[in-house]
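Look at the sequence and the model before reading on.

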Amino acid sequence: MAERPYRELMVSVRYPACAVGGHSRAPQMLPGEAAAFDDWSNFSEVIPKGTVDWGATRTYAHLDAPAARPGGRPRGFPVVLYSPGAGDPRTFGSTLCDELASRGYAVVSIDHTYEAPGVEFPDGRVARTRMQEEVRKTQGNPAQIVALLRKLTAVRVADTRFVLDELGRPGALPGALRRVLELRAVGMFGQSGGGFTAAQAMHDDRRIKAAVNLDGVMGYTQDDFDPANPSTVGMEGLDRPLLLMGVEGHNHRTVPSWKAVWEHSSGWHRDLTLAGAAHASFTDAQWMVPQVARKAGLPRKDVEKLVGTVVPERSVAAQRAYVTAFFDRWLRGQGTDSGLLDGPSGRFPEVRFVW
């Protein structure tokens, strides 16, 4: 297949619907995406190829359902962008994206083409990852690794800004959907590299009003505790709301890039720890991996390496509650969370505030 002279992006748009009858539930991954994910992903070392039918899972979204009419203020549905972790597909954030859509948001998840395992386009073409090839080019050279990390982040931020441009362009979305988007109330969240992308994109683009970073280092380093090669969001901070949520031991007191953002930011910011979580706990792996493990007999140590020891139901419930409360407060101006963001809550003892 001849390569096109330009790079294309795929996004998914979730939104509140007024009726879902006759509209089938959306798959988490399309067949080409599922095959590419099975060939290579961040989970390949733990979950052997052929163990899982990654294309069999259905989300709570329904394909092409008619959009509901927004009620209350703002007049349209606030828009929340989602960026996945480095080397992950956009579909690995389906749980939180579905949750936010059910709460009245239009959620746009972005695949970073040639970084994700596989991106399937409407005509059936699948753009496969080049991550392994790019990493091999660095040959373990620290300077080249830093350059690659800078490139990945710059491309991700450019992707984000392009998507925002397109959302505001007449004809880019079906008219009925475009009319219910409130593009003056835009937030962004992501896990790992996607969390860094959310913070850096907000630094670079004032259209983004609030961001959530789920366990993502915010510097150009492979070692979370290495202060070298800081980012501009770290050196200059943010003047808009930022929520940090990480695993135990990863907070603004221990991770230099988080500390830099924390100290240089004038906007509202909070730092939360999810006890018992692991890095992939902030993706759909939190509920998928334990189920795969039971069926495939994966060792417990491998499961805990990916998604920690936190009870999946508690982890998912906490993430849904805090991420929704954050965007409700800062995109809708609704303080309906009973102070959830202001200090520890008996509802979620797994969540600890780091001051």
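Strand β8 (residues 181-191) and strand β9 (residues 208-214) run parallel and are joined by 6 bridges. Strands here are DSSP runs of E with at least two residues, helices are runs of H or I with at least four residues, and both are numbered from the N terminus. Two strands pair if DSSP finds at least two bridges between them. Within this pair, F189 stands opposite V212 in β9.

The model is predicted, and its local features need pLDDT of at least 70, side-chain atom pairs count only at pLDDT 80 or more, while totals for chains, interfaces and linings use all residues. Residues are numbered from 1 along each chain as its sequence is written, and side-chain values use heavy atoms, with hydrogens and water left out.

**The sheet**

Both strands belong to an open sheet of 8 strands with mixed pairing, in the order β1-β5-β4-β8-β9-β10-β11-β12. Its edge strands, β1 (11-14) and β12 (351-353), each pair on one side only. From one strand to the next, the twist averages 20°. Such angles run from 0 to 180 degrees between N-to-C directions, and axes are lines fitted to C-alpha atoms, for helices over the stretch in contact.

Strand β4 (residues 77-83) has 7 of its 7 residues buried, where buried means under 20% relative accessible area with a 1.4 Å probe, counting protein chains only.

| Pair | Bridges | Residues opposite each other |
|---|---|---|
| β4 and β8 | 7 bridges | V79 and V186 |
| β4 and β5 (residues 106-110) | 4 bridges | V79 and A106 |

Together, β4, helix α2 (residues 94-102) and β5 make a right-handed β-α-β unit. Right-handed means that, with the strands pointing away from the viewer, the path from the first strand over the helix to the second runs clockwise.

**Helices on the sheet**

Helix α11 (residues 312-331) lies across β4, β8, β9, β10, β11 (269-274) and β12, and runs at about 165° to β9.

**A buried residue**

L306 is found in helix α10 (residues 300-307). Is L306 buried or exposed? L306 counts as buried because its relative accessibility is 10%. Apart from neighbours within four places in sequence, L306 is in contact (heavy atoms within 4.5 Å) with residues including F43, V46, A278 and V289. The C-alpha atoms of L306 and V79 are separated by 30 Å, and these residues are 227 residues apart along the chain.

Definitions and conventions. Buried means under 20% relative accessible area, exposed over 50%, partly exposed in between (1.4 Å probe, protein chains only).
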